[in-house]
Amino acid sequence: MTASFVIQSLAPEHDRLAFSCGVDALDRYLQNQASQDVRRHISNCFVASPVESAAIAGYYMLAAASVPVLDLPEAETKRLPRYPVLPTALIGRLAVDRQYRRRNLGGALLFDAIQRAARAEPAVFAMIVDAKDEDAAAFYQHFGFMPFANRPMSLFLPVATAMKLLKI
Ligand SMILES: CC(C)(COP(=O)(O)OP(=O)(O)OC[C@H]1O[C@@H](n2cnc3c(N)ncnc32)[C@H](O)[C@@H]1OP(=O)(O)O)[C@@H](O)C(=O)NCCC(=O)NCCS
């Protein structure tokens, strides 16, 4: 990850109000909803902060999910037993504050999410994301995520493939 940032769980001391990524819904979610979702075990929230600062430079949400095996391309599943669904980790939201863009922080947050999923005790077959628009989808595709055939704004990346690509 970028040397001057630390990624950790969202905590009360983090300055949620100052976060501004340019997408109101993502700013408001962090300010008003994220800690409630964490408390209710619906999703976890991880934030990147400059070292020794309470500022939030970027954040993402990570939750357990599943995907019907028939939604995945046969090439990804042909060597697997015929399970109806496969376990996944959902990156619900991911955003970087405008003043920290294009410093590899978005990539570092994605890398952190994949590492956590790869280490998780419940096994995770693939990472999945719902991109909010084509620009966001292009960001994920840049890192090897592939669109589902039947819903192109949802993308997946098998954890085994990610570990090879990212040399985890
Ligand atoms: C998308 C977003 C998270 C990218 O964050 P960032 O920190 O600026 O991105 P990075 O600096 O880590 O970029 C990493 C790589 O992705 C590429 N990239 C960044 N944004 C991209 C985009 N929209 N499309 C294609 N590639 C993109 C960069 O060129 C960089 O490539 P490189 O490693 O070859 O140089 C940020 O622009 C953002 O928060 N946008 C608003 C919210 C949003 O759209 N979230 C997406 C999920 S809903």
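What volume does the second largest pocket have? About 340 Å³. Before going further, some ground rules: this is a predicted model, where local features need pLDDT of at least 70, side-chain atom pairs count only at pLDDT 80 or more, and totals for chains, interfaces and linings use all residues. Residues are numbered from 1 along each chain as its sequence is written, and side-chain values use heavy atoms, with hydrogens and water left out.

A pocket here is an open set of points on a 1 Å grid over the protein atoms alone, where a 1.4 Å probe fits, with protein on both sides within 12 Å along at least five of seven lines; lining residues have an atom within 4 Å of a point. Volume is the space filled by probe spheres set on the points, which are joined across faces, edges and corners.

| Pocket | Volume | Lining residues |
|---|---|---|
| Largest pocket | about 820 Å³ | 27 residues |
| Second largest pocket | about 340 Å³ | 18 residues |

The lining of the second largest pocket has L62, A63, A64, A89 and A120 nearest its centre. Strand 3 gives the most to that lining, with 4 residues; strands are DSSP E runs of at least two residues and helices H or I runs of at least four, numbered from the N terminus. By class, the lining splits into 13 nonpolar, 4 polar and 1 charged, with Ala, Val, Leu, Ile, Met, Phe, Trp, Tyr, Cys and Pro counted as nonpolar, Asp, Glu, Lys and Arg as charged, and the others, Gly among them, as polar.

Over in the largest pocket, L94, R101, D135, A136 and F139 lie nearest the centre. Helix 4 is the top contributor to its lining, with 6 residues, and the lining comes out as 14 nonpolar, 5 polar and 8 charged.

The ligand sits in the largest pocket, meaning that more than half of its atoms lie within 2 Å of the pocket's grid points. Around the ligand there are 20 residues, the closest being L94, V96, R102, G106 and G107; a residue gets in if one of its heavy atoms lies within 4 Å. Helix 4 (134-142) is one of the elements supplying at least two shell residues, and its 6 residues are the largest share.

For polar contacts (pairs of N or O atoms within 3.5 Å), the H142 side chain has an N or O atom 2.9 Å from a ligand oxygen. R101 puts a polar side-chain atom 3.3 Å from a ligand oxygen, and for K132 the distance is 3.4 Å. Taken alone the ligand exposes 920 Å², and the protein buries 78% of that (Shrake-Rupley method, 1.4 Å probe).

Key. A polar contact is a pair of N or O atoms within 3.5 Å; within protein, one must be able to donate a hydrogen and the other to accept it, and residues adjacent in sequence count only if both atoms are side-chain atoms.
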